[in-house]
Amino acid sequence: MATTTNTTVLHPGYGFLRSLVRTYKSARKPIETMQESMARFQGTYAVNLGMMRVIATQDPGLIEHVLKNNHRNYQKSSIQTDYLGRFLGRGLLTANGDYWLKQRRLIQPGFHMDKIQALYAIMENTVSRFLTNFPVGTIDIYPLMHRLAFDMVIDTLFNVDVPAEKRTQLGNFISEVQEFVIKDVRQPYNRWWFRLSGEMGANLKKAEGAREVIRFLIRQRTASNTKHNDLLDMLLDARYEDNGEPMTEIQVIDEILILLIAGHETTANALSWSLYLLAHNREELLNLRNATAGLTLHEVAVNPALSAVIKESMRLYPPAWISDRVALEDDVYNNYVIPKGTVVVSFYYGLHRDPKHWHAAQTFLPARFLGEGEKSTKKIFYPFGAGPRLCIGNNFAMAEMCIFLQAFLKQYDVHPGNAAPVIRPLVTLRPDRVELRIQNV
């Protein structure tokens, strides 16, 4: 529990009918709709959907309370577990409770910094291959970053030549199924039609096809009895501390699907916006290029200047701009009651741009994440979540993005394109089109 409990009241917000109306509006413009409500209710408001009560917040204290201080009272909602789990199985992203904790303890050592360092060379080779035929001229950057991020996660998972048709099958699964899941989440009133029309069944079939590809790669690895120092080796070698047993094949497949989804879309978003922001802030770009010249691979992967640019990009355009938790029991925060079963939605996009907490909140200022300045962002910046469910691949993601960004700036220059970006807010904040002018340095 938090703070005083002399009186407890429900958070202000919308009644049932108004909540229904705003649900339809939110399906079209989720970020704008939430921003309006945050401004009206000073950063936290309730939504009454009859059988479900929602509290949305950009209050850093409440977010910290839910994700860290009283995290045992909160778990992921069925949106993240049941709906996404239908396609991805039961992995770190879609599990709750004791099973999640068991998996987290099993897999966490594979993402320690010393283990990730062994993957730097694979990341560097992937980036080098990707930049070999990088197009110049005015281009839409997001599809290219999407392809790079996919290649990066595939290469670090399977440090072998994955057949082109199997890469394509996995890539199509990620793109197509994720689009459907987003639509399913945002349009719950159409779920009956998704089932009746066969769209649900078709996407479940695609998911099974992806599982078959991964099953093939796993069995190929185990049959060869060779080591490749990649993430697949880590998953196959991991042993539960209570019985010394490895994961089953199904469990390994589930965790790989999670890594494919979570480790690729968010990276593509962050890199697209990083290049966009650097293109529109010429002095920052030149400073970054000068500051990172002549570094070794290991220095690049943890370079503060590169990290600061990426973090500032994720502040302004957080790839995971929202998350939710469900209260397992009644709770109280600052005299407001959070009844059992309430879904608490953390609105990171709003918090990251809140002028109450950020100087020049709408301005691209990477220096705020350098030196002592970064300490002040600790409880108001959530690029990878927080608490026990902090993204397990946060150090991995930062390393691969730093390695790419330094290599790109060494080889290419970037300027604003002919068109301003169009933001298409989905489950992740993704640029629909960001045109940039690319030329050789």
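Buried here means under 20% relative accessible area, whereas exposed means over 50% and partly exposed in between, with a 1.4 Å probe and protein chains only. In soluble globular proteins, nonpolar side chains tend to be buried together.

Local features were taken at pLDDT of at least 70 and side-chain atom pairs at pLDDT 80 or more, while totals for chains, interfaces and linings use all residues of the predicted model. Residues are numbered from 1 along each chain as its sequence is written, and side-chain values use heavy atoms, with hydrogens and water left out.

Contact denotes heavy atoms within 4.5 Å. Leaving aside residues up to four places away in sequence, M145 touches F130, F134, A268, L271, S272, L275 and F404. A407 belongs to helix α19 (residues 394-411), where helices (H or I, at least four residues) and strands (E, at least two) are DSSP runs numbered from the N terminus. With residues up to four places away in sequence again not counted, A407 touches V127 and L131; its C-alpha atom is separated by 8.6 Å from that of E124, although A407 and E124 are 283 residues apart along the chain.

The axes of helix α8 (residues 141-157) and helix α13 (residues 249-262) come within 9 Å and cross at roughly 150°, the axes being lines fitted to C-alpha atoms over the stretch in contact, with angles from 0 to 180 degrees between N-to-C directions. The two helices are therefore roughly antiparallel, a term applied to angles over 145 degrees. In this pair, V153, I154 and L157 of α8 meet I256, L259 and L260 of α13. By class, the contact of α8 with α13 comprises six nonpolar, no polar and no charged residues.

Positive phi values occur in two residues that are not glycine: phi of Q42 is near 60°, and that of N334 is about 50°. Q42 is placed in the loop between α2 (30-40) and β2 (44-48), and counts as exposed because its relative accessibility is 65%. N334, in the loop between β7 (331-333) and β8 (336-338), is partly exposed, with a relative accessible area of 35%.

Methods. Parallel < 35°, antiparallel > 145°, perpendicular 65-115°, else oblique. Nonpolar A, V, L, I, M, F, W, Y, C, P; charged D, E, K, R; others polar.
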